[in-house]
Structure formats: C-alpha cells, structure tokens
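Thanks for coming. I have one model to go through today, so please look at the screen and keep the sequence beside you.

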Amino acid sequence: MTSNVRILVIEDSPTQAQLIELILKDEGYLVDVATNGMDGIEKFELFQADLVILDVVLPDLDGFTVCRRMKKKMKQYIPILMLTSRDKVEDRVDGLELGADDYMIKPLESREFLARIKVLLRIKKLQDDLQAMLNKERESLNILKRVALVDHLTNVYNRHYLSEVLAAEFEKARRYRNPLSCIMVDVDHFREFNTLHGHDIGDWVLKETATILKYHLRHADILARYGGDEFVIIQPMTEEHHAAMTAERLCHAVSDKVWECDEGILDITITLGVASMGRPPCECGMDLIKRADKALYRAKELGRNRFYQYSLL
C-alpha cells in the first residue's frame with residue numbers, strides 16, 4: 001500500500017534524519033532526505049513527494065520560509081508535517097498559518113508520528129480523488145460545449161455560437177470605436193454539384209473548404225458555418241479594405257487547390273462578400289451580416305469566383 005508513497009524529509013540533524021528515515025522505510029515508504037532549506041526546495045521540485053516532513057530550525061532558511069515557498073510551487077495538494085523541538089504555541093500557529101497541515105514536537109513518538117502521516121495521506125487521497133473527479137467533469141463539460149458550439153461536419157463554429165460572438169464583438173467595437181468586418185462565403189453552384197456528385201463528396205468539399213478558410217485566417221478571426229454551403233468570418237479590429245485582402249487570399253486559396261477525389265478533378269470555387277460597420281453605422285451585428293450578404297449577391301451577379309465590397313455598392 002505504501003510502496004509508491006514518496007516522502008521528503010527536510011532535517012539538518014543527521015541523527016534525527018536517520019531515525020525518521022528508518023521509521024518511514026520500515027513502513028514501506030520511499031524516502032529522500034534534504035539537510036537544509038534550499039536543498040529541500042530543490043528536491044521538492046524533483047522528487048515529486050506525496051508528503052513533506054519539515055523541521056522548523058534549519059541552517060540556512062527557517063522552516064517557515066521553506067513551507068511558504070513550497071506552498072507557492074504546489075500544483076496539487078501535498079501535505080506538510082512540521083517538526084520542532086520548541087514547544088511554543090506561537091511556532092505552531094505560525095507554521096499552520098503559513099500552510100503546514102500538522103505540527104509535532106520532538107522527540108517523536110513513532111506510533112503517533114506514523115498515525116499522523118497516515119491521516120495526512122488519507123486527506124491527500126481524498127483531495128486527489130476530488131480533483132480527478134473535477135477534471136473529469138470539466139472535460140465532460142468541454143465536450144458538451146464543443147458539441148453545442150461546433151458544427152459537427154466542418155469542425156468550425158456553428159450559427160448559434162456565431163450569433164453570440166457577433167453580438168459581443170459588435171458591442172465591443174461600438175463601445176471602443178474599433179473597426180469590425182465580416183466576410184460571407186458561398187461555395188459556388190454547390191446545390192447542383194451536390195446533386196450531381198452525391199452528398200458524400202459534397203460533405204468532403206465543405207470540410208476541405210472549411211479547413212482552407214481556417215488555415216488562412218488569423219487566430220483572432222471567427223469562422224462559422226452559417227448554413228448549407230455558407231460560411232461567415234468575423235474579423236475584429238479590421239477595416240473593410242483589409243478584410244477585402246483576406247477575401248482575395250481565400251478566393252485564390254480555394255480555386256488554386258487541386259480538388260482530386262474518386263470522381264476525378266473537381267472545379268471548386270467560392271464567392272465572397274465583404275462588409276464593415278462603416279458608414280452609415282450598423283445598428284446591430286445582423287446588419288453587418290446583411291451588408292456582407294448584399295456584397296456576396298453582387299459578386300455572384302458579376303460571375304462568381306470573386307469577392308465584392310459592400311462599400312462599393
């Protein structure tokens with residue numbers, strides 16, 4: 001039971017350290033010993049102890065300082081049992097307030113010493129089990145969030161998330177008078193293509209298109225599937241002419257790709273509409289999408305496989 005439990009002993013007295021090590025090893029604990037505070041802190045980082053036994057009086061740093069530093073470095077709960085030969089209430093209170101989990105007066109009585117260690121290790125196990133449960137629940141929550149916010153086919157955000165983030169980004173842009181742009185993307189002739197080649201290849205085209213779009217966007221940009229073969233890109237802190245440069249890059253990236261599948265080489269292109277909050281100012285985020293949609297419609301009228309800016313309408 002104790003064979004995998006690691007205990008770090010920080011004790012400057014060779015006699016006391018040897019005695020403590022002997023008691024612990026007889027119980028099957030893995031033990032490492034440090035003879036001063038700095039050595040103890042260094043071994044604490046390397047040894048991956050499950051419990052620390054710390055003397056108050058050390059030749060360099062006092063035990064209170066060592067305790068405080070170790071607590072700051074802890075990424076998970078590790079109990080600290082402090083030892084002292086001074087029977088002062090103030091010492092015990094100081095140690096406990098600095099984060100020590102228990103306190104014992106030397107000389108040690110071995111049965112009580114081991115009993116207190118077992119209690120601290122039981123507390124640690126409860127803490128570890130609780131943390132593991134919380135981590136599992138957090139992971140499950142993240143999976144649920146992903147299912148709720150991400151389009152299952154293209155692995156980009158869905159329309160529900162787009163509505164939320166667009167409202168937030170629009171309000172932020174309006175409040176701080178920052179630019180905000182939107183690009184609407186449509187896969188050209190997708191319905192006819194889907195009917196001709198089948199839904200499996202149609203799905204593949206949508207997934208590949210989403211991958212290309214995502215690859216050529218900034219980390220701050222938000223890409224979402226708007227519905228069917230339409231995607232929407234929200235670009236915070238971006239003027240319309242810069243968004244137009246993005247649209248041109250995306251248009252070329254899709255048309256330059258060799259779309260090879262079981263059906264042969266496919267001719268896949270996209271058409272894009274670009275808009276910004278601009279003038280007159282948009283009233284809400286949906287107004288921004290409507291502007292991008294109008295620009296997209298104009299680009300289609302001009303022959304597709306291109307982009308158009310709302311400001312030019």
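The axes of helix α2, residues 37-47, and helix α3, residues 63-73, come within 10 Å and cross at roughly 20 degrees. An axis here is a line fitted to C-alpha atoms, for helices over the stretch in contact, and angles run from 0 to 180 degrees between N-to-C directions. Helices (H or I, at least four residues) and strands (E, at least two) are DSSP runs, numbered from the N terminus.

Before going on, the ground rules. This is a predicted model: local features need pLDDT of at least 70, side-chain atom pairs count only at pLDDT 80 or more, and totals for chains, interfaces and linings use all residues. Residues are numbered from 1 along each chain as its sequence is written, and side-chain values use heavy atoms, with hydrogens and water left out.

Back to the pair. α2 and α3 are therefore roughly parallel to each other. For that wording, angles under 35 degrees count as roughly parallel, over 145 as roughly antiparallel, 65 to 115 as roughly perpendicular and the rest as oblique. The crossing of α2 past α3 is right-handed; that is the case if the near helix is turned clockwise from the far one by less than a right angle, and anticlockwise is left-handed. On the α2 side the contact is made by G37, M38, I41, F44 and E45, and on the α3 side by V66, R69, M70 and K73. Contact means heavy atoms within 4.5 Å. By class, the α2 contact with α3 has five nonpolar, one polar and three charged residues. Ala, Val, Leu, Ile, Met, Phe, Trp, Tyr, Cys and Pro count as nonpolar, Asp, Glu, Lys and Arg as charged, and the others, Gly among them, as polar.

Helix α1, residues 14-26, packs on helix α5, residues 110-149, at an angle of about 65 degrees, with the axes 11 Å apart. α1 also passes α5 in a right-handed crossing. Here I20, I23 and L24 of α1 meet S110, F113, L114 and I117 of α5. This contact of α1 with α5 has six nonpolar residues, one polar and no charged ones.

Next, the sheet. In what order do the five strands of the open sheet run? The order is β7-β8-β6-β11-β12, with mixed pairing. Two strands pair if DSSP finds at least two bridges between them. β7 (222-227) and β12 are the edge strands, each pairing on one side only. Neighbouring strands of this sheet are turned by 20 degrees against each other on average, direction ignored.

Seven of its seven residues are buried, so β11 is largely enclosed by the rest of the structure. Buried means under 20% relative accessible area, exposed over 50%, and partly exposed in between, with a 1.4 Å probe and protein chains only. In a regular strand the side chains alternate between the two faces of the sheet. Both faces of β11 are covered: I270, L272, V274 and S276 are buried on one side, and T271, G273 and A275 on the other.

β11 runs antiparallel to strand β6, residues 180-187, and seven bridges join them. In that pairing S181 stands opposite S276. With strand β12, residues 307-309, β11 pairs in the parallel sense over three bridges, and V274 stands opposite Q309. Helix α9, residues 240-256, lies across β6, β8 (230-236), β11 and β12, at about 170 degrees to β11.

Last, some single residues. T84 sits in strand β4, residues 80-84. Is T84 buried or exposed? T84 is buried, with a relative accessible area of 1%. Leaving aside neighbours within four places in sequence, T84 is in contact with D55, V56, Y103, M104, I105 and K106.

K106 is also joined to P107 by a cis peptide bond, with omega about 5 degrees. P107 lies in the loop between β5 (102-105) and α5.

Most residues other than glycine have a negative phi, and most peptide bonds are trans. Q48, not a glycine, has a positive phi of about 55 degrees. Q48 is in the loop between α2 and β3 (51-55), and is exposed, at 63% relative accessible area. N155 likewise has a positive phi, near 65 degrees. N155 lies in the loop between α5 and α6 (159-176) and is partly exposed, at 41%.
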